[in-house]
Amino acid sequence: MQEFWIYFQIGLKHVLDIHAYDHVLFLIALTIPYSFKDWKRVALLVTLFTIGHTMALMLSVFGIVAIKVNVVEFMIPVTILITASFNLFTAGKSGKKESINLVFFTTLFFGIIHGLGFSNYFKSILGGDAASKVLPLAEFALGIEAAQIIVVFVLLIISYLVQTVFRFSKRDWTLVMSAFVIGVVIPLLVESELWIR
């Protein structure tokens, strides 16, 4: 049980780390178009992201996939930028529900990219052969899922307050927050080590 809490807490801290805010930025971009009445859809999106994240770690732990760190570190802000930009172009449009399969697929794919970004660190904290890393990986995934649910719940509360107390329309709130995320993520892309030769 003690080992469970160790890896569970690593998962929690991975998402909630204030210095590694890319995960929270992605969750903001992912959650902002939704409200409490969409909680099932949001929960499914969060779980798909966790599944993708865990798949990437599994592929990395078993040595099936290996990608250069600077490429993955560049791709992570790209996924955030795409998600936030998608919100800008679909905010307030009724056709958004029709594109939900696309959102599900891209969320899973983006989870894989984010998982690859964490894979080297994760492998470094685990000893033993690949098979012995499966249980810690599951414990870590549960920590990620719990942290993401916490973040999403807080975001939905803030969204509700802004739209009811401050009378922001859902469309305006989505546009403002998506623009904010884009503004934060562009410097991450510009300063990427990928540009350094």
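Let's start with Leu59, which is partly exposed at a relative accessible area of 29%. Partly exposed means between the cut-offs: buried is under 20% relative accessible area and exposed is over 50%, with a 1.4 Å probe and protein chains only.

A word on the source. This is a predicted model, where local features need pLDDT of at least 70, side-chain atom pairs count only at pLDDT 80 or more, and totals for chains, interfaces and linings use all residues. Residues are numbered from 1 along each chain as its sequence is written, and side-chain values use heavy atoms, leaving out hydrogens and water.

Back to Leu59. This residue sits in helix α3, residues 39-61. Helices are DSSP runs (H or I, at least four residues), numbered from the N terminus. Leu59 touches Ile64 and Val65, setting aside residues up to four places away in sequence. Contact here means heavy atoms within 4.5 Å. Ile112 lies 53 residues from Leu59 along the chain, and their C-alpha atoms are separated by 9.7 Å.

One last point, on spacing. Residues three or four places apart point the same way, because an α-helix has 3.6 residues a turn.

Note on methods. Helices (H or I, at least four residues) and strands (E, at least two) are DSSP runs, numbered from the N terminus.
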